[in-house]
Each structure stands twice: as C-alpha cells, then as structure tokens.
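Please walk through this protein with its sequence and coordinates open side by side.

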Amino acid sequence: MKHYIAVDIGASSGRAILANIDNNRIKTQEINRFANGFTTQNQQEVWDVDYLFEEIIVSLKKAKAMGITECYLSIDTWGVDYLFLDHKGKRLQNAVSYRDSRTDTTMDKLFKDVSKYDIFQKTGIQFLTFNTIYQLFEETHALKGQAHDILLIPDYLNYLLTNEKRNEITNLSTTQLLSVNDHSLDEELLTSIGIDKE
C-alpha cells in the first residue's frame, strides 16, 4: 500500500495528514498537529523555521512508529516569505514574516522605477504590501550580494529534507515576480529590486 503524508503549515498552526488509497477510496488520518506563529527578533517579526522542520521530523517519526517505512511527502505553507542561502546552502537570515511592517510603504518606492500597470501586466497578481517583490526590495544590498539562492518557505523545508533547491511554481506565483506569459521569473522586475535571475 502506498502512503502519502501532507504537511500543511499555516500562520497559526500546522498538521501532518496521512492518506492511503483503499478500495478506490482515500482515507485520511491526522498524525501530528502543532502550533505556529511569529516572534519578534531584532525588531522584526520572524518565523521559527527550525521549529517547523523539527515538527516535520516529528511527523515522520510518528508515521514510522505506525509501521510506515516509505511514503510520498508534500509540504505546503503560506506564500510570499523566503530565505536567502549562501553558496554552501547555509541560511543567511531569519525568515521575516509577511506580517512585519517593513514593507508598509514599499510599493510607492518601487513604482518610481516600474509602473503599477507594468507590474500587473507582467504578473497579474493583486497588489499587497507583503508580496515577495516588496520584501526583496527592502533587503540590504549586502545580504542580496551574499545570496546564492532564494527559496520560499515550503521549498526551503523540502531542501532540508532532500538537499534539492527548487522553487515550486505555485509558490513562485505568490511572489509578484512570475510572468503570466511564459511562467518564468521576470528579469526586469528582478533587476528593479536588485536580484540577479540566476
């Protein structure tokens, strides 16, 4: 029998659900539930991604205790938030929460370089102050210069499990950087916020 585990993490809680297909019916069972939330560090609201990863491991251990030795695993979280990694794959900063106030006035700053019309034509994404494009705009040049990779939160958690660095496209669609025309990251928008496409 194949086993599937879905880890769904939201802004206030997370859970791991085990699913099996039995007689053409999907059966689900919650195997772990845990709290989530951001804390204030260095005057920023940040997520504790180490804790979230620990809870994913706890979930897998609980599955193993149930006799499951192989499974398919997926991880889903909220969108827009990310982490910078250096060339060795080491995390460079805390995961700042989209609820942090650092981007409250960022849109107007960016609209001086790229028009609101152009951004919407390129991405089709609703204008929200916490979109990734505005968060990245506010990062320091020094931090951007050190970064080798940027991974969104669920993709970072997958990276910790697999050592594979990939941004899944539906996660990328929350960034307001993904082109609706060719489903690639828009180079002009990336340039406007000081990020190299590579």
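How many aromatic pairs does a search of the whole structure find? The search finds 10 aromatic pairs, and it should be kept in mind from the outset that the model is a predicted one.

A pair of aromatic rings is described by the distance of the centres and the angle of the planes. For Phe111 and Phe127, the ring centres are 5.8 Å apart and the planes stand at 80°; because planes over 60 degrees apart count as edge-to-face, the pair is placed in that class. Phe111 belongs to the loop between α2 (106-110) and α3 (116-123), while Phe127 belongs to the loop between α3 and α4, so the pair ties together parts that are 16 residues apart in sequence. With a relative accessibility of 22%, Phe111 counts as partly exposed, since buried would require a value under 20%. Phe127 has a further neighbour in Lys116, which lies over the face of the Phe127 ring at 5.1 Å from the ring centre. Elsewhere among the aromatic residues, one cluster is formed by Phe38, Trp47, Trp78, Tyr98 and Phe130.

A polar side chain comes next. Gln176 is found in the loop between α7 (169-172) and α8 (187-192), and its relative accessible area of 0% makes it buried. The side chain of Gln176 makes a polar contact with the side chain of Asn131, at 2.9 Å, and another with the side chain of Tyr134, also at 2.9 Å.

From packed side chains the reader may turn to empty space. Rolling a probe the size of a water molecule over the atoms shows where such space is left. The largest pocket has a volume of about 450 Å³, and of the 23 residues that line it, Asp149, Ile150, Ile195, Asp196 and Lys197 are the closest to its centre. Both α4 (132-138) and β9 (149-152) supply at least two residues of this lining, and the largest share, four residues, comes from β9. By residue class, the lining of the largest pocket divides into 11 nonpolar, five polar and seven charged residues.

The last stop is helix α6, which covers residues 153-162. Which residues of α6 are buried? They are Ile153, Pro154, Asp155, Tyr156, Leu157 and Tyr159. After α6 comes Asn163, a residue whose phi is positive, near 65°.

Terms used:
Residues numbered from 1 in each chain as written. Predicted model: local features only at pLDDT ≥ 70, side-chain atom pairs only at ≥ 80, totals over all residues. Heavy atoms only, no water. Buried < 20%, exposed > 50% of the residue type's maximum accessible area, 1.4 Å probe, protein only. 1 Å grid on protein atoms, 1.4 Å probe; cavity = no way out; pocket = protein on both sides within 12 Å on 5 of 7 lines; lining within 4 Å. Points joined across faces, edges and corners; volume = space filled by probe spheres on them. Nonpolar A, V, L, I, M, F, W, Y, C, P; charged D, E, K, R; others polar. Phe/Tyr/Trp six-rings, centres within 6.5 Å; stacked < 30°, edge-to-face > 60°. Lys NZ or Arg CZ within 6 Å of the ring centre and 35° of its normal. Polar contact = N/O pair within 3.5 Å; in protein donor to acceptor, adjacent residues only side chain to side chain.
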